[in-house]
Amino acid sequence: MITLPAWPMAITPHREPLARPGPRWGAYPERPDDAEPRLRGTLPHAWLPTWLPAPWRLAWCHPWLRQVRQLSAHTPLDLNACRQALRREGFTPDNVALALAHVLRATEQTLGLRLHDTQLLAATLMLDQQLVEMATGEGKTLAMATAAAVAALAGIPVHLVTANDYLAERDAQTLAPLFGALGISVAHIAPAMSSDQRRPVYAQDVVYATAKEVAFDYLRDGLSTPQGAPPLLRGLSLALIDEADSILLDEASVPLIISVTQQGQAAQQAHRRAVWWQALHLARRLRHDGDYTVDTGRHSAALTPAGEQHIAGPAEALGGVWRRPRLRRDLLGLAVTALHALHRDQHYLVREGKVELLDTLTGRVAVGRVWSQGLHTLIELKEGCTPSAPTETLAQITFQRFFKRYWRLGGLSGTLVEARAELRGLYDLDVVRVPERLPSQRQTWPTLVFATPDQRWRAIAERAQEMQAHGRPLLIGTDSVHDSEQLSQHLQQAGIAHTVLNARQDQHEADIVAQAGQAGHVTVATRMAGRGTDISLNERALAAGGLHVIHCQRNESKRMDRQLVGRCARQGQAGSTEAWICAAISNDPATPSEPKLTRCIQSAVVHRSTPSAWCWWHLRLPQWLEEQRQAALRRQLLDQDRQWAQQHRLARQSRGPSV
């Protein structure tokens with residue numbers, strides 16, 4: 001019998017019970033909004049301070065990890081005894097070590113893979129309700145599956161949240177043999193599934209799904225169930241979140257809303273549509289110089305006092321709502337926003353006569369998302385599409401409030417450290433870093449600055465020819481669909497074969513990413529550059545120096561900069577990256593630049609050199625301000641969501657019980 005090392009349990013708080021459907025927790029476990037803070041430190045090495053350097057943390061855990069591997073090599077192992085111990089005693093160090101030993105053995109037998117120490121460490125930290133930063137290419141998918149398997153053996157329904165629907169299906173199918181060897185059932189949620197199809201999927205031990213699918217199903221459970229049908233979910237017991245920063249922060253900037261089409265009279269809808277037509281007509285009469293201002297950061301516009309005075313006469317001549325100054329100002333502000341602040345192929349697409357919003361962070365189509373307060377109708381009219389019917393909100397929630405309702409919550413990503421303070425404040429989760437298994441070989445080349453986008457695209461075409469001549473694959477990150485297509489035109493003119501990955505090619509994302517690592521292949525991508533999918537390099541590409549990444553994106557945070565850079569030089573492979581900045585974009589008219597900054601950038605453009613440290617500080621400042629603005633926006637959205645929930649609850653109470 002192998003004895004595990006003793007751990008300083010004197011500093012370990014009381015263990016938090018495992019929430020699962022049953023007599024104690026009810027048929028639908030859910031953490032109340034006023035619950036006590038989450039308990040941690042119940043597992044070995046999890047009590048170590050989060051600021052401890054990653055190599056030190058791994059070194060401290062080596063004795064325990066060696067014992068786990070010895071248990072895995074020890075025969076026989078009784079899976080039923082392990083399952084019963086976990087369900088009876090919870091996540092104790094001995095029980096978790098034994099469960100990890102079972103997972104180790106099953107992984108080697110079914111997948112032919114060997115779990116590394118960093119993966120075991122990440123899985124254990126997630127089970128202890130912490131967020132783990134793990135470098136890209138270090139095996140996050142298998143680490144997530146390991147944590148999910150241990151939790152499922154303990155009888156906890158696990159929601160394994162992925163970045164997109166493709167990853168949910170891929171991971172569920174790829175890892176099914178591993179879960180099957182452990183007696184664990186697994187399935188995934190597809191967007192096209194009906195409620196009757198989703199219910200048996202959620203009955204499985206491990207469910208792969210996107211955050212939006214699970215959150216919307218939770219909202220549906222909160223609405224009145226027709227004919228007494230059982231709920232879709234089995235409660236919110238445990239969620240393990242892949243690409244946690246993207247889901248918990250980037251996608252948490254808009255609420256999730258379930259709405260129904262208003263069945264108003266045709267005359268009322270026609271009148272409302274006429275008002276929006278009039279708003280667009282009046283907005284087009286406003287002058288660009290002085291009648292309105294455009295906030296490029298918030299993607300909104302507003303009338304100036306001069307603009308209100310200029311349009312007052314023509315507006316009042318229309319009568320009706322246009323004679324009310326405040327309402328007139330709001331309507332024209334939305335119309336100007338639709339005309340001048342939101343642009344086709346940058347903020348939305350028009351496909352098959354419908355306006356589809358683009359997620360500005362991922363570049364993907366935001367399925368089912370619409371603008372509110374009539375803005376979506378204005379965009380449809382602007383693009384000549386048939387306006388959709390108005391809707392009424394039935395239920396809504398934000399990711400900030402939804403994920404806090406899980407009794408246990410963990411996750412990992414390659415970029416978390418920069419946002420650790422906000423994650424702690426919003427979700428009560430600490431961020432812990434685990435070391436890379438192999439030293440990084442990534443080379444960072446000097447940053448170049450160009451005066452205009454055309455100059456930058458032409459230079460990229462030259463760089464692409466150079467990379468193809470050396471047999472190196474090249475990935476170029478751009479801001480928007482429009483930018484990716486502009487660059488594609490320059491590459492075509494230069495006779496360079498390439499592939500474009502943006503929202504127009506979202507159906508072929510996996511195939512495009514699979515080819516991106518071939519020797520001499522050039523890929524132009526928006527922010528949706530296959531996140532969550534490794535770019536596999538062939539032998540010729542590795543011998544030539546690995547993947548090269550050119551960073552042309554104007555990201556909203558340093559964390560997003562690291563996401564694109566992390567596409568190259570994974571798992572100790574060779575690779576390189578460089579950032580190319582366009583000075584014309586940096587000098588935004590909405591934020592006037594200083595003469596000294598302008599001279600600094602122009603000098604760097606002329607000499608094709610790296611700007612000075614002083615110049616870099618001024619270029620970094622707008623990104624830092626945007627990070628603060630986005631964080632404030634997420635806090636404000638959470639407050640608004642809480643207020644809406646409270647008002648909705650009071651309204652339901654005032655109506656009394658339904659008959």
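Mentor: Contact means heavy atoms within 4.5 Å. By that rule Thr118 touches Leu58, Met134, Glu138 and Pro435, leaving out residues up to four places away in sequence. The model is predicted: local features need pLDDT of at least 70 and side-chain atom pairs pLDDT 80 or more, while totals for chains, interfaces and linings use all residues. Residues are numbered from 1 along each chain as its sequence is written, and side-chain values use heavy atoms, without hydrogens and water.

Trainee: Why is Thr118 called buried?

Mentor: Its relative accessible area is 4%. Buried means under 20%, exposed over 50%, and partly exposed in between, with a 1.4 Å probe and protein chains only, so Thr118 is buried. Thr118 sits in helix α4 (residues 117–127); helices (H or I, at least four residues) and strands (E, at least two) are DSSP runs numbered from the N terminus.

Trainee: What makes α3 largely enclosed by the rest of the structure?

Mentor: Of its 18 residues, 13 are buried, so the description holds. Just after α3, Gly112 takes a positive phi of about 70°.

Trainee: What makes a set of residues a nonpolar core?

Mentor: The members are buried Ala, Val, Leu, Ile, Met, Phe, Trp, Tyr and Cys residues joined through side-chain atoms within 4.5 Å. The largest such core has 59 residues, and Phe91, Phe179, Leu182, Ile184, Val206, Tyr208 and Leu240 touch the most other members. Helix α5 (residues 140–153) gives the most to this core, with 11 residues. A second, separate core has 41 residues, among them Leu219, Leu249, Ala252 and Leu256.

Trainee: Which residues is Val206 in contact with, leaving aside neighbours within four places in sequence?

Mentor: The partners of Val206 are Ala148, Ala152, Val158, Phe179, Ile184, Ser185, Val186 and Ala187.

Trainee: Why is the pair formed by the side chains of His498 and Ser488 called a polar contact?

Mentor: A polar contact is a pair of N or O atoms within 3.5 Å; within protein, one must be able to donate a hydrogen and the other to accept it, and residues adjacent in sequence count only if both atoms are side-chain atoms. The His498 to Ser488 distance is 2.7 Å, so the pair is inside the limit. The side chain of His498 also reaches the backbone oxygen of Ile496 at 2.9 Å. His498 lies in the loop between α18 (481–493) and β17 (499–501).

Trainee: How do you know that strands β9 and β10 pair?

Mentor: Pairing requires that DSSP finds at least two bridges between the strands. β9 (residues 348–351) and β10 (residues 354–357) have four, in the antiparallel sense, so they pair. Leu349 has Glu356 of β10 as its bridge partner. The hairpin has two residues between the strands, and in it Glu352 takes a positive phi near 55°.
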